[in-house]
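Student: I would like to learn how to read this model. Can we go through it feature by feature?

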Amino acid sequence: MTGRILSGVQPTNNLTIGNYLGAIKNWVDLQRQSETLFCIVDLHAITVPQDPKALHQATLEVAAAYLAAGINPKESAIFVQSHVHAHAELGWLLSCMTPLGWLNRMTQFKDKAGKKRDNAPLGLLAYPTLMAADILLYQTTHVPVGDDQKQHIELTRDIALSFNHRFQKDVFTVPEPLIKGEAKRIMSLRDGSKKMSKSDPSDFSRIHLTDTADEISQKIRKAKTDPAPLPETLDGFENRPEAKNLATVYAAFMNQTLEEALPAIAGKPFSDFKPLLADLLVDKLSPISTKMLQYLDEKSELETILKRGAEHASTRANQTLKQVKDVMGFVSPF
Ligand code: AMP
Ligand code: TRP
């Protein structure tokens with residue numbers, strides 16, 4: 001696929017296999033075919049309170065995870081969102097043109113703000129306008145994300161179309177979401193109806209990229225299941241969300257569809273399948289976590305990559321920002 005790709009992950013807590021399978025793993029293949037930019041969206045992370053030390057560490061960890069998972073800094077720009085000032089600036093401009101009604105409809109806002117909406121920070125509501133800025137600054141054609149972000153990409157499209165219409169000029173490319181693979185939505189290990197999330201209070205609900213072999217085995221052993229063995233056909237997963245989720249994780253790490261993976265696991269009781277899955281996870285994740293720790297040890301290499309990434313991204317972003325400000329009537333600096 002040709003075009004321009006941008007995506008990002010928030011530096012909050014530790015990355016999970018949901019982030020990896022739903023997002024980062026897919027980016028690795030895309031970088032060979034398209035121009036790719038991947039950011040660590042620290043300005044998004046602070047829409048909920050962050051401990052400064054934890055934010056700092058998580059920002060470097062997400063960068064290290066991108067690299068360890070196979071994002072190649074020679075092929076892709078890897079950068080920290082707050083290093084490219086155009087994001088915050090375009091975010092403001094777009095927030096002045098986005099109706100509150102559009103933002104109030106966002107399910108992520110409703111989930112995160114909960115019942116006490118009046119206490120939610122303004123930034124949590126404005127979050128999608130900043131995300132639109134991230135995407136639109138680079139004339140992005142495709143945004144690879146997990147299923148949960150689809151609504152935000154649709155809003156980004158609406159913002160781009162209404163801006164272009166209002167100023168009668170195609171300033172922004174209208175992006176498409178790219179939601180692919182078996183692992184669009186990996187569910188919690190404790191509850192098959194809830195998304196696996198970095199922010200779930202229970203550590204047993206998720207597997208982190210940096211979990212040890214023992215932690216992985218323990219979490220898989222304790223994962224919720226039902227008494228029946230794995231089904232022989234895809235239809236057999238109906239009303240068995242936990243079984244389907246574990247089988248999906250297995251398939252995704254095998255680089256197979258669920259259908260392709262099924263013959264190898266069909267009919268197995270969980271007492272056999274769980275150790276098999278734990279071994280597969282340890283096998284696939286340990287090279288990633290080893291490399292992550294190496295990058296975090298040699299910070300100077302990481303810093304150089306992030307600096308270059310931000311320079312590359314700034315050049316592109318500033319071109320779009322200038323066009324936007326010109327059509328809106330801002331006077332250029334003298
Ligand atoms: P976040 O953790 O919200 O910063 O998400 C970063 C990326 O990971 C986004 O593209 C999400 O759609 C994706 N993602 C997060 N959690 C999951 C999950 N449980 N299953 C699939 N994709 C996910
Ligand atoms: N909102 C995304 C999430 O929570 C993260 C994100 C911010 C993003 N800006 C982006 C993803 C731009 C893709 C493109 O997962």
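Predicted model: local features only at pLDDT ≥ 70, side-chain atom pairs only at ≥ 80, totals over all residues.

Student: Which residues come closest to ligand 2?

Tutor: A residue is near a molecule or strand if one of its heavy atoms lies within 4 Å of it. By that rule 13 residues surround ligand 2, and the closest are Q10, Y127, M131, D134 and Q149. Q10 puts a polar side-chain atom 2.9 Å from a ligand oxygen. Q149 has a polar side-chain atom 3.0 Å from a ligand nitrogen. Taken alone, ligand 2 exposes 360 Å², and the protein buries 92% of that. Accessible areas come from the Shrake-Rupley method with a 1.4 Å probe; for residues, only the protein chains shown count as cover.

Student: Which residues come nearest to ligand 1?

Tutor: N19, G146, D148, I186 and K198, out of 17 residues around ligand 1. A polar side-chain atom of D148 lies 2.4 Å from an oxygen atom of ligand 1. The backbone takes part too. A polar backbone atom of G146 is 2.8 Å from a ligand 1 oxygen, and one of I186 is 2.8 Å from a ligand 1 nitrogen. Ligand 1 alone exposes 480 Å², of which the protein buries 93%.

Student: Is T12 buried or exposed?

Tutor: Buried means under 20% relative accessible area, exposed over 50%, partly exposed in between (1.4 Å probe, protein chains only). T12 counts as buried because its relative accessibility is 12%. T12 sits in the loop between strand 1 and helix 1. Helices (H or I, at least four residues) and strands (E, at least two) are DSSP runs, numbered from the N terminus. The side chains of T12 and K198 make a polar contact of 3.3 Å.

Student: Why is strand 1 called largely enclosed?

Tutor: Five of the six residues of strand 1 (residues 4-9) are buried, so the rest of the structure largely encloses it. From strand 1 the chain passes through helix 1 (residues 17-30) to strand 2, a right-handed β-α-β crossover. Right-handed means that, with the strands pointing away from the viewer, the path from the first strand over the helix to the second runs clockwise.

Student: How many bridges pair strand 1 with strand 2?

Tutor: Two strands pair if DSSP finds at least two bridges between them. Here strands 1 and 2 (residues 35-40) are parallel, with six bridges. I5 has T36 as its bridge partner. Strand 2 also runs parallel to strand 3, over five bridges. L37 stands opposite A77 there.

Student: Which way do the residues of strand 3 point?

Tutor: S76, I78 and V80 point one way, A77 and F79 the other, and all are buried.

Key:
Residues numbered from 1 in each chain as written. Chains lettered and ligands numbered in written order. Heavy atoms only, no water. Polar contact = N/O pair within 3.5 Å; in protein donor to acceptor, adjacent residues only side chain to side chain.
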